[in-house]
Amino acid sequence: MPSLLVVIFAVELFVQLVNTIGSATINNLLWRIALSLPIPLSSEFAAQRKKQKDYLAIRRELNATSSQDEFAKWARLRRQHDKLLEDLEKRKKELDGSKTKFDRTLTTVRLVATRGVQWFLPFWYSREPMFWLPYGWFPYYVEWFASFPRAPLGSVSIVVWQWACTGVLTLVMETVMAVFGLVVATRQKQQEKQKAKQAVPAAGAGEDSKAEAR
């Protein structure tokens with residue numbers, strides 16, 4: 001069984017990643033992965049896409065057919081068009097319901113795996129020392145705070161270790177995102193400068209051609 005130190009750190013890291021990436025982005029990514037798997041749901045969506053292609057093809061043919069000159073063909077296409085449209089709307093409601101159910105299931109699992117574990121572990125292991133502080137190195141009030149709420153005095157409790165992991169990971173995530181944003185902004189500025197340099201010679205060539213024409 002992995003150490004509680006590692007488990008707490010892994011849970012807090014997972015929470016920080018979810019908060020940074022965003023639950024909606026994760027749900028959409030997992031939804032796309034699910035649709036790529038050989039399951040009945042992916043088959044239903046493949047059938048839905050095929051019907052959409054058929055519907056668009058019939059719609060284009062219907063628009064290209066005259067209701068006066070080719071009434072029989074137009075009426076047949078119109079019936080097929082209306083039938084496919086009704087079927088698509090019905091299937092869309094069913095598939096949207098599947099997507100909503102999928103999102104709710106993921107949200108429940110994510111809450112249990114993050115918030116539930118965050119609350120359960122400190123409650124269950126509140127008396128368990130994560131590690132011991134060097135004897136005599138810290139004053140009493142530091143040892144008392146480190147062992148809060150019910151760990152042995154002189155040790156670091158699971159609650160304090162959890163707070164420390166959260167603080168450090170939050171700082172690291174914010175630093176990484178700030179560096180990433182700075183890199184992206186720098187690249188955008190470089191691309192804008194390159195476009196500006198390319199536009200200047202083109203403008204100069206246009207002025208030279210006008211001067212020669214004069």
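UniProt, in an unreviewed entry, puts the feature "transmembrane region" at residues 130-148 and 160-185; positions follow the numbering used here, feature names are shortened, and such annotations may be inferred rather than shown by experiment. What you're looking at is a predicted model, where local features need pLDDT of at least 70, side-chain atom pairs count only at pLDDT 80 or more, and totals for chains, interfaces and linings use all residues. Residues are numbered from 1 along each chain as its sequence is written, and side-chain values use heavy atoms, with hydrogens and water left out.

Take the two annotated spans in turn. Residues 160-185 are 100% helix and 0% strand, with end C-alpha atoms 37 Å apart. Residues 130-148 come out at 37% helix and 11% strand, and their end C-alpha atoms lie 12 Å apart. Helices here are DSSP runs of H or I with at least four residues, strands are runs of E with at least two, and both are numbered from the N terminus.

Most peptide bonds are trans. The bond joining F148 and P149 is cis, with omega at about 5 degrees. P149 sits in the loop between α5 (140-146) and β2 (155-156). V159 is in contact (heavy atoms within 4.5 Å) with F148 and P149, and also with P122, leaving aside its neighbours within four places in sequence.

V159 also belongs to the largest nonpolar core, together with L4, I8, L121, M130, I158 and C165. Such a core is a set of buried Ala, Val, Leu, Ile, Met, Phe, Trp, Tyr and Cys residues joined through side-chain atoms within 4.5 Å. Buried means under 20% relative accessible area, exposed means over 50%, and partly exposed is in between, using a 1.4 Å probe and protein chains only. Helices α1 (4-21) and α6 (158-213) each supply at least two residues of this core, and α6 has the largest share, three residues. Apart from it lies another core of six residues, including I58, L62, L77 and L88.

I58 and L62 are also among the buried residues of α3, as are F45 and Y55. This helix, residues 40-63, has 24 residues and reaches 35 Å from first C-alpha to last, close to the 34 Å expected at 1.5 Å a residue; the expected span is 1.5 Å times one less than the number of residues. The cover over its buried residues includes α2 (23-35) and α4 (71-124).

Now for the rings. Rings of Phe, Tyr and Trp (its six-membered ring) pair if their centres lie within 6.5 Å; planes under 30 degrees apart are stacked, over 60 edge-to-face, and the rest tilted. That rule gives eight aromatic pairs. One of them, W31 with F45, is edge-to-face at 5.4 Å centre to centre and 80 degrees between the planes. It links helix α2 to helix α3, with the partners 14 residues apart, and both are buried. F145 and W163 make a tilted pair, at 6.2 Å and 35 degrees. F145 is in α5 and W163 in α6, so this pair ties together parts 18 residues apart in sequence. Ring pairs join W144, F145, F148 and W163 into a cluster.
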